[in-house]
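Please examine the structure shown below together with its sequence. The report that accompanies it is arranged by topic, from one chain to the contact between two chains and then to selected local details.

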Amino acid sequence: MSNPSRQRSTPRFDSIPAAADNGLLDRREFLRGGVAVAAAMTGFVVARSASAEALTDAPWSQRAGGISSAVERRSRFEEKVVRTLSNPNGEPRTQHARTPHHLLNGTITPNSMHFTIVHNGTPDIDPDKHSLVIHGMVKRPLLFSLDALSRYPMESRMAFIECGGNSAPLFSPKPVKGGVQDLHGLVSCAEWTGVRLSTLLDEAGVDAKAKWLIAEGADMAAVSRSVPVAKAMDDALVALYQNGERLMPGNGYPMRLLLPGYEGNMSVKFLRRIKLIDQPAMTYYESRNYSPLLPSGKAYQFYFVQEVKSFITHPSPGLALQGQGLYEISGIAYSGNGRIARVMVSADGGRSWAQAALQEPVLSKAFTRFRAPWRWNGGPAILQSRAWDEAGNAQPLRAQFIAERGETKTVPSVNGFPNQHYNSITSWAIDSNGEVLHAYA
Amino acid sequence: MPTRNFLLALFLAFAAGAVFADSPNLGQAISEADIKAWDISVLPDGSNLPPGSGSFALGARLYAEKCAGCHGPGGKGGVNNQLVGGEPLNSRIEATKTIGNFWQQATSVFDYIRRAMPWPNPRSLTDDEVYSLTAYLLAMNKIIAEQDVMNAQTLPKVRMPNRDGFIIRFPEKI
């Protein structure tokens, strides 16, 4: 029996009030619209009004399926969902594998799709022969096997990891041709489980004069970074699990440091040594790569925080619109300073803005998925998103960002790192064919 | 509420370096002597620099043999980073960062060569060889003279040209 007071007529899209110009609809009205509207928006194809044909059983519905495998593999129809590789032949330089955000959804990056950067190849570490030593300015140096760490109280948390050089092609004076994977593929988000670093440091007994620690990996080049003890005591983990399974090799198997919200390079992978010290070591990566140059010729040092940022994943280059009508604009927002408080989206290059719905749960230093309903009228549109975090930081507008940080003299490669720590706006221009291109607005 | 005696006991336990009573304490004790092979980090004040020394002449020979293939003759850059020279840093925000125009601490050069170079055989050089390559690269950048010998005493005293070129981004995070 239906309750007449709760009955609703199917809302018409054209009855949903506008929230901003060029087709952005009110998210609250839209959510109230319920299943009918949501169903019409599933996938990236507009619901067509033409009648469907009569249904029949497909061949796979008429016979037994395959045998379960011990390790589940994705459908063979999903083989196009891959990371892009910057150095597939392992030449003597860094290798980057970028996350295909436009082919994923939600807030958790699958382990096979999590971005990785390795500077000297991925080591093949025998976990029974790996250990972590804590020493330097401590009362008693300690050595931990993986077995020993596995007996410690654990903590799980969602956290994004972002390379300090992610999005760097957006320092270009002209829009670089590329999609969300090229431009923003060096950030991912997972649930990490491990032991609080503070627990281990407390057991070792940190000298009050130790203000920094060196974290070092067991890879060939022993990648090392200096980390403030304050961060180590705050929310650092020695992570052993990634989305419920042991870390992937490219993400630091069998253990990595996890510094939520800090530039990815500091979350040292293959972690084998922590040394407490009284001054920053000025290792290669803090001396050179992650000290971004400013137009004045001075450089920012110890940038650490990946500041508030967002970008639209759907639509984005490679996901052409299939005709006029209703679409969901969706994307990812995150901040190294805490939770996302608000995301606004624009369909007219930033002239008018509508508030997007935030997918719960909204977690600190983790991906937040935002969604906003949009009706494309077939005309030109420029889609943008802008995020704010709970600490009150706003994602900077491009003009404001470039005024402070500058732009490159020449157009960089889409895989290049001309500078670091870009967190301004990304614009996607829609042409009349529905093609989506990276643009500035 | 903890009693005063309990707090006193806790204080004494800490003062004696005792282990945390409520923590698993599953780490094995290990001496700094037994960590030595891994303890390769050098600090800007020269802490942990090893004994030994190196000179430009040996450094030039080693560089040509082991480094020039990737970093170009004389450190001018190749398939991998340029190490010598470089444009003024205010010329463009993507200016090439070299040891000469960018690095803040001379000790970082020693640390990185010893830790990570040469590809693919890091930690194959003797400490004298690492000092020599450091001396070569500093001299090629005209930061020291060709006759200057680099060792644990001289290297931390080398003043890098861009030493004051940095702004700490978030001082409150340190």
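The following sections describe a predicted model.

## Overview of chain B

Chain B contains six helices and four strands. Read from the N terminus, these elements follow the order α-β-α-β-α-α-α-α-β-β.

Of the 174 residues in chain B, 44% are buried.

## The interface between chain B and chain A

The size of an interface is often expressed as the accessible area that is lost when the parts come together. For chain B and chain A, the buried area is about 5700 Å², and 58% of it lies on carbon and sulfur atoms. The contact involves 73 residues from chain A and 55 residues from chain B.

Polar interactions also cross this interface. There are 35 residue pairs in polar contact between chain B and chain A, counting pairs with both residues at pLDDT 80 or more. Four elements of chain B each supply at least two residues to the side that touches chain A: strand 1 (28-29), helix 2 (32-35), helix 5 (106-116) and strand 4 (166-168). Helix 5 of chain B gives the most, with four residues. By residue class, the side of chain B that touches chain A consists of 28 nonpolar, 16 polar and 11 charged residues.

Four salt bridges are found across the interface of chain B and chain A. One salt bridge is formed by R169(B) and E307(A), where the closest N and O atoms are 3.7 Å apart.

## Strand pairing between the chains

Strands of a sheet pair through backbone hydrogen bonds, and the pairing is either parallel or antiparallel. Strand 7 (residues 142-145) of chain A and strand 1 of chain B run antiparallel and are joined by two bridges. Within this arrangement, Q28(B) in strand 1 of chain B stands opposite L143(A).

## A three-stranded sheet in chain A

Chain A has an open sheet of three strands with the order 3-4-5 and antiparallel pairing. Its edge strands, each of which pairs on one side only, are strand 3 (84-85) and strand 5 (116-118) of chain A. Three bridges link strand 4 (residues 95-98) of chain A to strand 5 of chain A in the antiparallel sense. In strand 5 of chain A, I117(A) is the bridge partner of H96(A).

The loop between strand 3 and strand 4 of chain A includes T94(A). Why does T94(A) count as partly exposed? The relative accessibility of T94(A) is 22%, and therefore T94(A) falls in the partly exposed class, since buried means under 20% and exposed means over 50%.

Leaving aside residues up to four places away in sequence, T94(A) touches S86(A), N87(A), I117(A), V118(A) and H119(A). The side chains of T94(A) and H119(A) are joined by a polar contact of 3.0 Å. T94(A) and N120(A) are 26 residues apart in sequence, while their C-alpha atoms are 6.4 Å apart in space.

## Helix 5 of chain A

Is helix 5 (residues 197-204) of chain A mostly covered or mostly exposed? This helix is mostly covered, with six of its eight residues buried. The buried residues of helix 5 of chain A are L197(A), S198(A), L200(A), L201(A), E203(A) and A204(A). After helix 5 of chain A comes G205(A), which has a positive phi, near 80 degrees.

Technical notes:
Residues are numbered from 1 along each chain as its sequence is written. Chains are lettered from A and ligands numbered from 1 in the order in which they are written. This is a predicted model: local features need pLDDT of at least 70, side-chain atom pairs count only at pLDDT 80 or more; totals for chains, interfaces and linings use all residues. Side-chain values use heavy atoms; hydrogens and water are left out. Two strands pair if DSSP finds at least two bridges between them. Contact means heavy atoms within 4.5 Å. Buried area is the accessible area (1.4 Å probe) that two parts lose on being put together, summed over both. A salt bridge is a side-chain nitrogen of Lys or Arg within 4 Å of a carboxyl oxygen of Asp or Glu. A polar contact is a pair of N or O atoms within 3.5 Å; within protein, one must be able to donate a hydrogen and the other to accept it, and residues adjacent in sequence count only if both atoms are side-chain atoms. Ala, Val, Leu, Ile, Met, Phe, Trp, Tyr, Cys and Pro count as nonpolar, Asp, Glu, Lys and Arg as charged, and the others, Gly among them, as polar. Buried means under 20% relative accessible area, exposed over 50%, partly exposed in between (1.4 Å probe, protein chains only).
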